[in-house]
Structures are given as C-alpha cells and as structure tokens.
Amino acid sequence: DFHEEVLKVLGDEDENEREEVKLKQGLSEIPEIYKLHQEILGELEERILNWEEHQKVADVFLSRESRFKHHTAYIMQFDRNLALLDETCLKSSQLATVIQAFEQNPGSSPLNVKHQFLKVVQRIFQYRVLLTDYLNNLCPDSAEYEDTQAALLIVSEITDRANDSMQQGENLQKLVHIEHSVRGQSNLLQPGREFLKEGTLMKVSGKNRHPRHLFLMNDILLYTYPQKDGKYRLKNTLAVSGMRVNRPVTEKAQNVLKIEYAEHCLNLSASSCSERDEWYSCISRTIPDDYKAHNASTFHNSIELRERLGISLGERPPTLVPVSHVMMCMNCGCDFTLTLRRHHCHACGKIICRNCSRNKHPLTYLKDRLAKVCDGCYSELRKRERPVSVSFPPTSSRFSGSAFSSVFHNIHYSSFKKQKKIPSALMEVAASGEGSSISGYLSRCKRGKRHWKKLWFVIKGKVLYTYTASEDKVATESLPLLGFTVAPEKEEGSTDAVFHLYHKQTLFYSFRAEDNNSAQRWIEAMEEATIL
C-alpha cells in the first residue's frame, strides 16, 4: 500500500529529478518481495496443517530460488534508498504528507517507515534461524536433510550480503537470533535498538549459585534462564534507564556485579574479575546520565530521583547499606566506636549514629508503625504530613504542658556534642562518588612494614582518597599523586598482586590487590594520575 502511494506522488513530480528516479528504482523490488513472502507464508501454513501427508518444507524455498534475487537487490541498495527517501521528503511536501499519513494510520498502532523497511530484511534472517532449527531436528540420512541444507545455503547467502552491505545488518541478525532463542520474547526489533553484549553469570543466592544468561541492548537488559535445549526462558526485561550497577566486595562470593532496578536487586558472580569489570563498564556506559546513581543511599535519599521514579519516602522498604561497608556516620561523619554504635534509617537505608537517629516516624511499608529515621528523612516525612489543627483553651494545663515539652523536643542532643573538625579536602569526594577514575578495596602497608590493612581507595582528579569502608562519605586521607611513580612487585616467584608507590625513589606505600588483573588496572590508573 505504501509503495503504491509513493509511486503516485513520484509520478506527479518532475521526471528530470534524479533523486525521484533513483528512489522509484530502489522501491521497485517491494511488490515482488511482498508477493514472494505471501506465497511462502501460505504454503508453509498449508504444510503444517497437513504435515502427516507431506512432511517437507525445504522445497518451498528451493522452488523459488530465482525469485530471491529481488531480495538481494533490495538489500544491496537498502542504505542508499533510505538516504534517497530522506532527501526526497525534504524536496517534496506531498511525499512527506504520504509518509506522515502512513505512520499515523488510525487503523493500527503507529508505524515507522524506516522500521518497516528493516522488517522486510528481518524476514530473511527469520527464515535462516527457522531453517537452522529445522535442520537440527532432521535425520542426516533423509533426503529432506540435503534439501534443507541447500535451502539454508540460499538464504544464508542473502543474509551474508546484508551483513556486508548494510550498516545495521549484523545488529539485525543478532536481534533476530536472540528473539528466536529466548522463549517469551517478541518484537525485539525496535527503531534505534542495538545489541551490545551477552554472557552467562551466576546468580548469588545464599550458598547456591544458579546460571543466568544476560542479553544487553542499548535500552533494555534481558534476564533469562538457560534451558537444556540450548535456548533461554525469559525471566525479566529490565529497562536500562533507572538502573544502578556497582561492584560490591562480599564474603559470600567473588567478582560480584550488583544490578539494582526499581525496588529489586540482582547479585551476579562472574568467572573472573576482568569479566565482571567488562559487564560493569558496558552497563555503566549504557545508562543515561540523567539516571546514574552510584550508591543506594543517594538513590533512596534523593527526593528528585524518587519522584521521577514515582516512589514516596517510606512507601517501600529501602535497600539497607551493609554494616561492614561503613565506619563513620553517613550523616555527620563521626567515627563509630564501641560506645557510639551504628543504626539504620528505616526510610532511606543509610547507617547513622545515635545522635542523628533520635527521631521516629510512622512508615507506610511498616503499616504505619513507628520506626527510627535519620534527621533528613524525618524532616521530609514531616513536610508531607497533613496539618492537623488541635486547639485547647488558653487556661488549660495541657496547653502549657505541651508548650513546655516542645521546648525540650526542639533541643537536639547533637547541639551539646562537640563536632569533629573535618578538613574540606576530605569531604569533596564520597567513597562511592561518581566521576572517579577507579575505586575499590586494596590492602596497604606503609614504607615496607609487614602490617597490611584493608581500606577503600578512590582516584579522582589525580588525587588518591583513602576511606575506612566503601560507603563512607568522608575520606580519612587524601594524597595528590603528581610526582609519584608506580612499580609492580619485582621479586621473582611472587604470586601476590603487589605494587609500590614511590616518591623521589623512596618507597611511600605498598598495595596488594585481589588479583593480577585488578593490580594492573590500579597501576594504570595511578600512572595516569601521576602525570599532568
């Protein structure tokens, strides 16, 4: 229908226009291709209905071998035809109107013309995966097996041409293959969607490990179960926008990749540190900048981001920051001790001291039971309360009593406590702040001493920041790396991933990483930070 409407418009245009003539030629294959697919579809449906009488499929394709040349011509000119269509639309308002009317067809969902052109090519890739599956289920001794091989060869030659001549050819083939391999997934081919990465990771669940296969596109992540027949069962389709990804250090498993989305979380273990880092980098690059949030506390305590995702404070349980990841209050920065203990805020999940958690407030997800919350969440929850007016007679003793008690309620314990003075340089970068060159746990010892201490390090702006734990908001040390040199361990036979930081040929610090790959990444990041 679209082809006929375009021909009417181009027929009215000046025949001397070269673009219009080329576009007519480029679209001339469409009627034959349409007719070919209609015939193949009709005959395949008939064969399936009467399968017991005629158990053959390959001859449907072999008998039409010569007619597939129209498809080859269409594919060879695909990118050129799309460019010609754009150019002609700019010159011809009539053609632009026809395309707009086609895309906004009231009888169906909105269509994208370029997307529909791509679906014509998609059909050939679908034939290839269907014939491949069919061939794998045939007996090699049968005549149908040889015929199917010949039919598959015809189709494969056209798809190979598509990969060579089309910009989107390889991506299209991959998307069709994924759609065919993942049960429960349809309409994977969408305008602008690109395949990026796939692989199997192990889901960490208590002491158990379960294989999960991931397919990453530039807008979605398919989370699937591997099946015994080599295909996959779709578990979930996750939108990349709004996703958060990090690399936690846990005792349960090594090389863990943590993916957070909405109110759910996936802990996946990679086979190596380098594989985990590849997934982390690939997903991080894919997440739109507007949605990047590198730690759970920032996400759950950010009012703007919560409202964007439609989540009210206290409505759902927060992701609690692990106790082992924090050595100082995430609100005021004071160090935890034997007497100053850790407390969780039940609204945002942060770990805070007793001075910052003296308030309680009813939370929706706890069925309005009172729960301990931090000062920031308490203020926000109070703002959202509906004002309730209660009046008492001025002479009432209750009035004077409530007024008297409110004075003491407004006096906060922390106002009597001497606050620790923290240099501003140590507060510029949080342990999980974004924009760092590299971050993670390393063991460190000073000037060749034997005592190793495990700490969290961040390199940002050519400065090495040291933290006691991965969720701390204030650094314990900051060291500008300009003028330093980095060198790996030179002892022969040493298997430890050790490297050294020197200043004017004097050993300053020694570091030890989880493995050699991690050590190499840290060495490269430090070397880059030592040079202007």
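Buried means under 20% relative accessible area, exposed means over 50%, and partly exposed lies in between (1.4 Å probe, protein chains only). This is a predicted model: local features need pLDDT of at least 70, side-chain atom pairs count only at pLDDT 80 or more, and totals for chains, interfaces and linings use all residues. Residues are numbered from 1 along each chain as its sequence is written, and side-chain values use heavy atoms, with hydrogens and water left out. By these terms, phenylalanine 508 is partly exposed at 22% relative accessibility.

**Aromatic pairs**

- Aromatic rings of Phe, Tyr and Trp (its six-membered ring) pair if their centres lie within 6.5 Å; planes under 30 degrees apart are stacked, over 60 edge-to-face, and the rest tilted.
- The whole structure holds 9 aromatic pairs.
- One of them joins phenylalanine 484 and phenylalanine 508, edge-to-face, at 5.3 Å centre to centre and 85 degrees between the planes.
- This pair links distant parts of the chain: phenylalanine 484 is in strand β17 (residues 484-488), phenylalanine 508 is in strand β19 (residues 506-512), and they are 24 residues apart.
- Helices (H or I, at least four residues) and strands (E, at least two) are DSSP runs, numbered from the N terminus.
- Phenylalanine 484 is buried, at 7% relative accessibility.
- Phenylalanine 508, at 22%, is partly exposed.
- Phenylalanine 508 also pairs with tyrosine 509: the ring centres are 5.0 Å apart and the planes are at 90 degrees, so this pair is edge-to-face.
- Tyrosine 509 is buried, with a relative accessible area of 9%.
- One aromatic cluster takes in Phe457, Phe484, Phe499, Phe508, Tyr509 and Phe511.

**Around strand β19**

- Threonine 506 lies in strand β19 and is partly exposed, at 45%.
- Its C-alpha atom is separated by 8.5 Å from that of arginine 447, 59 residues apart along the chain.
- Lysine 504 lies in the loop between β18 (498-503) and β19.
- Lysine 504 is not a glycine, yet has a positive phi of about 55 degrees.
- Lysine 504 is exposed, with a relative accessible area of 71%.

**Charges over rings**

- A charge sits over a ring if NZ of Lys or CZ of Arg is within 6 Å of the ring centre and within 35 degrees of the ring normal.
- Lysine 174 has its charged end over the ring of phenylalanine 195, 5.2 Å from the centre.
- Arginine 247 lies over the face of tyrosine 280, at 3.8 Å from the ring centre.

**Nonpolar cores**

- A nonpolar core is a set of buried Ala, Val, Leu, Ile, Met, Phe, Trp, Tyr and Cys residues joined through side-chain atoms within 4.5 Å.
- The largest core has 56 residues, and Phe61, Phe68, Phe78, Phe117, Val121 and Met217 touch the most other members.
- Helix α8 (residues 113-136) gives the largest share of this core, 11 residues.
- The core draws at least three residues from each of domain 1 (2-181) and domain 2 (195-291), with bounds from an automatic or database domain assignment.
- Another core, of 23 residues, lies apart from it, and Val321, Cys345, Cys377 and Tyr378 are among its members.

**Cysteines**

- There are 0 disulfides, a disulfide being a pair of cysteine sulfur atoms within 2.5 Å.
- The sulfur of cysteine 348 is 3.6 Å from the closest cysteine sulfur, in cysteine 345, which is too far for a bond.
- Cysteine 348 is buried, at 0% relative accessible area.
- Cysteine 273 is buried, at 2%.
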